[in-house]
Amino acid sequence: MLPLDQVQLNFNPSTLFVLNCILGLVIFGIALDMRVDDFRRVARFPRAVLIGLASQFLIFPALTFGLVMLLQPQPSIALGMMLVAACPGGNISNFMTHFSRGNTALSVTMSAISTLAAVLMTPLNFNLWASLYPDASGLLRTFTLDPVDMLVTILMLLGIPMAAGMAVGAHYPGVAARMREPMKMFSLVVFVCFIFGALAANWQHFLTYIGGVIFVVILHNALALATGYSLARVAGVREYERRAVAIEVGIQNSGLGLILIFNFFDGLGGMAIIAAAWGIWHLVAGLSIASFWRRRLIPVEETT
């Protein structure tokens, strides 16, 4: 068995394009239940957005560094953890929040802002915390994100599908009602199939090395979910918003992390395995907690 850092994973950018198309359809399905007033309420009470972004880009990366120092993993695994923590929220978080009966408008707002802010905050957070980890200097690379690419991503994955879904819901309520349940089932099935399909090219590597990182990934993801929920609770944010903040921080854009790893770190084994494992585990954890919350109804007065 090769040392982990000598493993080079295969990555096909076309799979990410397919995922983005799927995400666009999922966002369209979510938007069938949404109205403009949902976003107006978020704008009137911005505290939850600020708490969520602080959790995403300040608290969680710092806590990740603390976890890394506690566990002392090999440098590439440490860098993978810090890169994932520096990424913005993943767009699947919007579906998870919607499924959990949380504030979907808040989730979408946070996704859009964090994706745009990632142009600055992702490289800044990664380079700051990674430079402090012993023995990582030989692996460390600096990178930048193109602001135009990030803006296009927001428009394609969030803006256009959201506007289209809300328009259908507003002007064709009968059609929207018939589409809601099929779209939910479509989302669940396609996400699971896609993740396993995307792993097919690296399945043997994944099976060989996943045992060495899965505990770290589970612990790291639990820290992310707890960070978002706890900070929102301490700040007095309502349960409706707490669910959105927790899921937004706990569902990281590991797809972006993989792109950066293959573009700037030559598919470094430890980093890539961490990001790939996150891509699977945060689906499991996110769907589990969303299902739990879905059964725990929120008083109507909290959602208005």
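A residue counts as buried when its relative accessible area is under 20%. The model used in these exercises is predicted.

**Exercise 1. Helix H6**

Task: Find how many residues of H6 are buried, then describe the course of the helix.

Solution: 
- Step 1. Locate the helix. H6 covers residues 104-130, 27 residues in total.
- Step 2. Apply the cut-off. In H6, 19 of the 27 residues are buried, so the helix is mostly covered.
- Step 3. Check the span. A straight helix at 1.5 Å a residue would reach 39 Å, but the end C-alpha atoms of H6 are only 33 Å apart.
- Step 4. Look for a bend. H6 has a kink of about 65°, centred on alanine 118.
- Step 5. Inspect the start. There, a side-chain oxygen of asparagine 103 comes to within 3.2 Å of the backbone nitrogen of alanine 105.

**Exercise 2. H3 against H4**

Task: Decide how helices H3 and H4 are oriented to each other.

Solution: 
- Step 1. Take the two elements: H3 spans residues 47-71 and H4 spans residues 75-86.
- Step 2. Read the geometry. Their axes lie 9 Å apart, and the packing angle is about 165°.
- Step 3. Compare with the cut-off. Angles over 145 degrees count as roughly antiparallel, so H3 and H4 are roughly antiparallel.
- Step 4. The crossing of H3 with H4 is right-handed.

**Exercise 3. Isoleucine 22**

Task: Is isoleucine 22 buried or exposed?

Solution: 
- Step 1. Isoleucine 22 sits in helix H1, residues 13-31.
- Step 2. Its relative accessible area is 13%. The cut-off is 20%, so isoleucine 22 is buried.
- Step 3. Look along the chain. Phenylalanine 186 is 164 residues away from isoleucine 22, yet their C-alpha atoms are separated by 9.6 Å.

Definitions and conventions. Residues are numbered from 1 along each chain as its sequence is written. This is a predicted model: local features need pLDDT of at least 70, side-chain atom pairs count only at pLDDT 80 or more; totals for chains, interfaces and linings use all residues. Side-chain values use heavy atoms; hydrogens and water are left out. Helices (H or I, at least four residues) and strands (E, at least two) are DSSP runs, numbered from the N terminus. The expected span of a helix is 1.5 Å times one less than its number of residues. The bend at a residue is the angle between axes fitted to the seven residues ending there and the seven starting there. Buried means under 20% relative accessible area, exposed over 50%, partly exposed in between (1.4 Å probe, protein chains only). A polar contact is a pair of N or O atoms within 3.5 Å; within protein, one must be able to donate a hydrogen and the other to accept it, and residues adjacent in sequence count only if both atoms are side-chain atoms. Axes are lines fitted to C-alpha atoms, for helices over the stretch in contact, and angles run from 0 to 180 degrees between N-to-C directions. Angles under 35 degrees count as roughly parallel, over 145 as roughly antiparallel, 65 to 115 as roughly perpendicular and the rest as oblique. A crossing is left-handed if the near helix is turned anticlockwise from the far one by less than a right angle, and right-handed if clockwise.
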